[in-house]
Amino acid sequence: MAYLKIRQASVHYPVRSTWGTTGEVVRAVDNVSLTVEKGRILGLVGESGCGKSTLSRAIMQLQPLTSGSIILNGTNLSELSAAEVRRRRLDFQMIFQDPYASLNPRFSIFSTLVEALSRRDPLPRKEREQAVAELMNRVGLSPEHMYKYPHEFSGGQRQRIAIARAIAPGPALLLADEPVSALDVSIQSQILNLLTDLTRELKLTMIFISHDLSVVHYIADDIAVMRRGQIVEYGSAEDVFTTPQHEYTRTLLSAAPRLTD
């Protein structure tokens, strides 16, 4: 069953000069249609500047569409008011690329996770520590460190904290925007395995964005290849990897190292 439907979505930016707009546009996302099935991981892959992050921001309702629609579990998000979008955003959360920038350095991990846990329903004070401990255990962190601050953790640990924050409100959809590209190669597979396990355990749907096709192949059920704002290939991960149909996909494959456990 389709959980997310993207239908002819476009995001165009006007080209400006010293004298104002020129009448030309940059087609960051250009007539993209995609379906993400419930419980599956879609890998969205392409080079920097191809429109992947713009599309993710549009799904998160952080970037308005020029045209088209984004339908989440039957609801057209573009038709919602700002207040309705804020309420609905609990159902779709994002994991950002840089674990050093995505966490507030002034908040302890306890404060960060309590805030995330309380977004859907207020958490009674006496239950907060136990809830944070359970959440930290789920992402492979020791609860005894919950009162530490982000600078006291490694990059991989910070990304686990960011993942914990994303799953805390109980979303059904996760958008992971280059979540391992800032990490050491030795840590990447650990984070990918964690995301895979959480997707299965919590019955999540995920869009995993990366410029690295080998990373996407490692985690994704399906793969969409994006180039110059358009989807040029889509299929199961195995089909795209073994019998790529588009020349650009073959180019990405030839340049991609293989990621293993």
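How are α3 and α4 oriented to each other, roughly parallel or roughly perpendicular? Keep that in mind while we look at the whole chain. One caution: this is a predicted model.

Start with the overall picture. The protein chain has 9 helices and 10 strands. Along the principal axes, the C-alpha trace spans about 55 × 45 × 45 Å.

How much of the chain is buried? Of the 261 residues, 49% count as buried. The accessible surface comes to about 12,900 Å². Carbon and sulfur atoms account for 46% of that surface.

Now contacts along the sequence. Take the contacts between residues at least 6 apart. Of these, 68% join residues at least 24 apart.

Back to our two helices. Helix α3 covers residues 109-117, and helix α4 covers residues 125-138. Their axes come within 10 Å and cross at roughly 95 degrees. Angles of 65 to 115 degrees count as roughly perpendicular. Therefore α3 and α4 are roughly perpendicular to each other.

Which residues make the contact? From α3, they are I109, F110, L113, V114 and L117. From α4, they are R128, E129, A131, V132, L135 and M136. Sort them by class, and the contact of α3 with α4 has 9 nonpolar residues, 2 charged residues and no polar ones.

Technical notes: Residues are numbered from 1 along each chain as its sequence is written. This is a predicted model: local features need pLDDT of at least 70, side-chain atom pairs count only at pLDDT 80 or more; totals for chains, interfaces and linings use all residues. Side-chain values use heavy atoms; hydrogens and water are left out. Axes are lines fitted to C-alpha atoms, for helices over the stretch in contact, and angles run from 0 to 180 degrees between N-to-C directions. Helices (H or I, at least four residues) and strands (E, at least two) are DSSP runs, numbered from the N terminus. Angles under 35 degrees count as roughly parallel, over 145 as roughly antiparallel, 65 to 115 as roughly perpendicular and the rest as oblique. Contact means heavy atoms within 4.5 Å. Ala, Val, Leu, Ile, Met, Phe, Trp, Tyr, Cys and Pro count as nonpolar, Asp, Glu, Lys and Arg as charged, and the others, Gly among them, as polar. Buried means under 20% relative accessible area, exposed over 50%, partly exposed in between (1.4 Å probe, protein chains only). Accessible areas come from the Shrake-Rupley method with a 1.4 Å probe; for residues, only the protein chains shown count as cover.
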